[in-house]
Amino acid sequence: MINIPKIFKTSDHQEGGAVLPLLPLRDIVVFPHMVSPLFVGRTKSINALSEAMNDEEKYIFLATQTNPGEDHPKQKDINRIGTVAKVLQMLRLPDGTVKTVVEGKHRARITDFETNESFFKVHLELLEEPDLEEGEREAYLRNVVDAFKAYTQQNKNISKETVETISNLTDPVELLYTAAAQFSFKARDNQQLLETQSLTERLTYLIELINQETVILQTDQRIKNRIKKQMEQSQKNYYLNEQIRAIKKEMGEDESEDNELKELEERIENKELPEEAEEKVRHEFNKLKRMTPMSAEATVTRNYIDWILSLPWFEKSEISEDIDEAEKILDEDHYGLERPKERILEYLAVQALVKKIRGPILCLVGPPGVGKTSLAKSVSRATGREFVRLSLGGVRDEAEIRGHRRTYIGAMPGKIIQSLRKAGANNPVFCLDEVDKMSMDFRGDPSAALLEVLDPEQNYAFNDHYLDMDYDLSDILFITTANTLPDIPVPLQDRMEIIRLPGYTEYEKYNIAELFLVPKQIRLNGLDVENVKFSKNAVYTVIRNYTREAGVRNLEREIASICRKIARKVAKTGADKVIHVNSRSVEKYLGPVQYRRGQLEEKDLVGIVTGLAWTQFGGELLYVESAIMPGKGDFNVTGKLGDVMKESARAAISYVRSRSGQFNIDPKFYEKFDIHIHVPEGATPKDGPSAGIAMCTSIISTLTRLPVRRDLAMTGEITLRGRVLPVGGLKEKILAAHRAGIHNVIIPADNEKDLKEIPATIMRQIQIVPVQHMDEVIGRAIVVEEGSYLYRRDDNDAEFPDFPPRDPGKSSDNDRPAIADI
């Protein structure tokens, strides 16, 4: 008969229900007759303990959660059967948690929950333990004790006093829970021991669990004994082997050398080699067998054989011939770069048709940061080939390419053969980076050594000095990269197909930033793409005011800088709202504007002409200023100009002198006046013939005292007869004019073909007028009065469109197109 606590007794001392605070347990079950320490950290649980301590009898109900990971359990997450326990001790720790010691008293079942936000309170029904018949009770007692003793024979950690205490128990319920408390059963097994109504079933289940633990311990012990035996045997074998090795060493024999030679011979038998290579490697192997193992020559020969066997003579990657998939991959990795992509797809198409084609030699020439090396990686991914990159920057020794002969100490194959060994395939995409950065000295010219590598008519039999045999490089897809073409020797250029990668336009840079750089940097800096938004104007502001480059490397650095500052803010404040980066906040992140872009003059001025220039960073406005002063006909040109630009200025003066009567200019002006032409930003070197018509227009404006249209830009070379010749970099120049808000551009007629490269969105906003003669330029550029220009050649001018009329009072800011229009 169990001792019923007072809380379960009614007024007539009969058993009834009780209401106790509930302490949910995560992954532990407390049994009756069991004293257990608990650490409590949840607020509700601490409140429940405090409530129990305030009661006279200090009772609390302990029930295990069905899901131990639930921090805020609800009624459905609590097992209905648990243990009524008495709180023996409660200690609050400095970190806010509570340590308590409880003693399990009786099993009970939850019949109802009371609503209480501070802690759980439950209505309980006490579960009685059925009595067993004398014989049955004794049988179960003996079986439990015997099973426990069998376990303690395997587990020596259980003390003799514990075994003796359990052996002397006569109450089957007390024995059940006291014995179960000695094991680390799973929580669900312990819960079953608590929940099962039948006492005999609970005792039977306990015996099964104890027997399982005994078997596990026995198996574990057998494994440990086996491992110990193996270790002892291994140590014994090691000792004996060391003795044998020492004996053989005294006798001048070395068994490891025999094993190494056997392995080497097996590799030779299993390796597929060309006839020449197989013959040479067998010859060297026969020599090696006759050599003294410790000799230096044996080491050299062994290394040589190992190099030959390690090379991928016939191992090839399976090449993808899916043109559509290759095109998709190239477009995924790079924006623009149409010509290189088109050439790669042509190569794949031809290869798919003829099945065998010698690898082409492509040379990607362009400014830094335009994606030359990354394009080579994309080609590797698109074709399914391995990728190998070899940087040639600073290479000045021919042996770096061809290798050293074996007669030299420490000789090795050249970088080409070494890279193929790493690739493990004989048909990779081989990127020779910075081919224009090679130099030469007394050790030879590496660019000359590359001639055989990159010549499709010779590289099927490339001879490395170390291997001293032909190696087939014809299946390799070579891609070289360079910043400038003139730095590549002409014979080497002749072996390659040159593909130029011009600098990106602002429009292309914006698309690259939006599609690739911004998402990449957001992820790399630990931010969420959904929570950081760069506006269109913000990206254009970074491009225009904080970078000046042909590629996008600095653009990516500036975007990364913004993302880092945002990451710092998020880490500090924990903000999870969407952060918008606009054109106004860019200066807050990156500081003052770094670069000033060309802008329109506020009004038409005499002698100031807006020209257009190409730089390696893109197009720029180039202002040309002229001034005359009384003098003796001196002619001065300043602005750190190159020889070609100075010659253009002299050609412009000669043209003006030859047409002075037509422009109502004093024919003797060159004797009475000194002329000074200046191109501002004198610290920047400038050269080229494309400012010829701008200089000529500036001189005529100065001599006639007539202004030049400020909303007009021009580019073109001038001859002594006044012809306008074509120039380069037209795409970048037109974009520079558009960026500055100039809507009218004069170009040479021969450059009309280049307009195809300019985006249609730009062309719709700019009036392009092609001209063939300087007279047409003057007639459209110099203003006599509103709506009237200086000169018309004749009625044949009808084929050249006039510029649209403009309002002279209109501000240049209003002329400038919005960034959002690009």
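A search of the whole structure finds 34 salt bridges. A salt bridge here is a side-chain nitrogen of Lys or Arg within 4 Å of a carboxyl oxygen of Asp or Glu. Before I go on, note that this is a predicted model: local features need pLDDT of at least 70, side-chain atom pairs count only at pLDDT 80 or more, and totals for chains, interfaces and linings use all residues. Residues are numbered from 1 along each chain as its sequence is written, and side-chain values use heavy atoms, with hydrogens and water left out.

Some salt bridges, then. Side chains of opposite charge can pair when their charged atoms come close. Take Asp666 and Lys672. Their side chains meet at 2.7 Å, N to O. Asp666 has 32% relative accessibility, so it counts as partly exposed. Lys672 is partly exposed too, because its relative accessible area is 43%.

Next, Lys437 and Glu434. The closest N and O atoms of this salt bridge are 3.1 Å apart. Lys437 is at 37%, so it counts as partly exposed. Glu434, at 24%, is partly exposed.

Now Asp455 and Arg495. Which parts of the chain does this pair link? Their side chains form a salt bridge at 3.4 Å, N to O. The pair links distant parts of the chain, 40 residues apart. Asp455 sits in the loop between helix H15 (446–454) and strand S10 (462–463). Arg495 sits in the loop between helix H16 (490–494) and strand S13 (497–500). Helices (H or I, at least four residues) and strands (E, at least two) are DSSP runs, numbered from the N terminus. Asp455 is buried, at 10% relative accessibility. Arg495 is partly exposed, at 22%.

There is also a network. Salt bridges link Arg107, Glu129 and Arg202.

On to the rings. The structure holds 9 aromatic pairs. Rings of Phe, Tyr and Trp (its six-membered ring) pair if their centres lie within 6.5 Å; planes under 30 degrees apart are stacked, over 60 edge-to-face, and the rest tilted. Phe183 and Phe185 are stacked, with 5.0 Å centre to centre and 5° between the planes. Both Phe183 and Phe185 are buried. Tyr510 and Tyr540 have ring centres 5.1 Å apart and planes at 10°, so this pair is stacked. The pair links distant parts of the chain: Tyr510 is in helix H17 and Tyr540 is in helix H18, 30 residues apart. Tyr510 and Tyr540 are both buried. Ring pairs also make a cluster of Phe148, Tyr151, Phe183 and Phe185.

Last, helix H19. H19 covers residues 553–573, so 21 residues, and reaches 30 Å from its first C-alpha to its last. That is close to the 30 Å expected at 1.5 Å a residue, where the expected span is 1.5 Å times one less than the number of residues. Which residues of H19 are buried? Among them are Leu555, Ile559, Ile562 and Ile566. What covers the buried residues of H19 includes helix H17 (506–524) and helix H18 (536–546), by contact, meaning heavy atoms within 4.5 Å. Strand S14 (532–534), strand S15 (579–581) and helix H20 (583–590) are also part of that cover. After H19 comes Gly574, with a positive phi near 70°.

Notes. Buried < 20%, exposed > 50% of the residue type's maximum accessible area, 1.4 Å probe, protein only.
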